[in-house]
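Please read them with the structure open.

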Amino acid sequence: MREHAFLHGLYEDAYFPDHVVDKGRDILVRLCERIEADRPADLAALYALTHAATEEFNDLEAEFEAAGSEIETTAREEIGEDFWSVAVAYGFEDADHEELIAPRDW
């Protein structure tokens, strides 16, 4: 995943400010690092990691808004596709697309 162009579509769209998209890319890179450092034993363990990353993306909402943007449908789809790419790259092809990007259960 080191060579994967995370959030490529958001970088291509001027509506999404690069300095905030960079923070989203960093979230995905950290997700990969967490998976590599402590390989999830099963889908539940993977979902725990992806749910935490989803919360980090949700925390970026104010920064997007401050820059005149927002995490809307296009952004959510792009983020979801990258979560799916991460899951597949690490052998979790049977992961549920929606569950990957769900927020944590409290």
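In which segment is Leu7 found?

1. Leu7 sits in the segment before H1; helices here are DSSP runs (H or I, at least four residues; strands are E, at least two), numbered from the N terminus. Leu7 has a positive phi of about 55° although it is not a glycine. Leu7 is also buried, at 1% relative accessibility; buried means under 20% relative accessible area, exposed over 50%, and partly exposed in between, with a 1.4 Å probe and protein chains only.

2. Some ground rules apply. This is a predicted model, in which local features need pLDDT of at least 70 and side-chain atom pairs count only at pLDDT 80 or more, while totals for chains, interfaces and linings use all residues. Residues are numbered from 1 along each chain as its sequence is written, and side-chain values use heavy atoms, with hydrogens and water left out.

3. Asp82, in helix H5 (residues 73–89), deserves a look. Asp82 is buried but has no salt bridge, and the nearest side chain of opposite charge, Arg25, is 9.7 Å away. A salt bridge is a side-chain nitrogen of Lys or Arg within 4 Å of a carboxyl oxygen of Asp or Glu; Lys and Arg count as positive, Asp and Glu as negative, and His and the chain ends are not counted. Leaving aside neighbours within four places in sequence, Asp82 is in contact (heavy atoms within 4.5 Å) with His4, Phe6, Leu7 and Leu28.

4. The largest pocket holds about 190 Å³ of space. A pocket is an open set of points on a 1 Å grid over the protein atoms alone, where a 1.4 Å probe fits, with protein on both sides within 12 Å along at least five of seven lines; lining residues have an atom within 4 Å of a point. The volume is the space filled by probe spheres set on the points. Of the 13 lining residues, Met1, Arg2, His4, Phe6 and Val29 lie nearest the centre of the pocket. H2 gives the most to the lining, with five residues.

5. Leu100 is in helix H6 (residues 97–100) and is buried, with a relative accessible area of 1%. Beyond four places in sequence, Leu100 touches residues including Leu46, Tyr47, Phe83 and Trp84.

6. Ala67 lies in the loop between helix H4 (61–66) and H5. Ala67 is partly exposed, with a relative accessible area of 34%. Not counting residues up to four places away in sequence, Ala67 touches Pro17 and His19.
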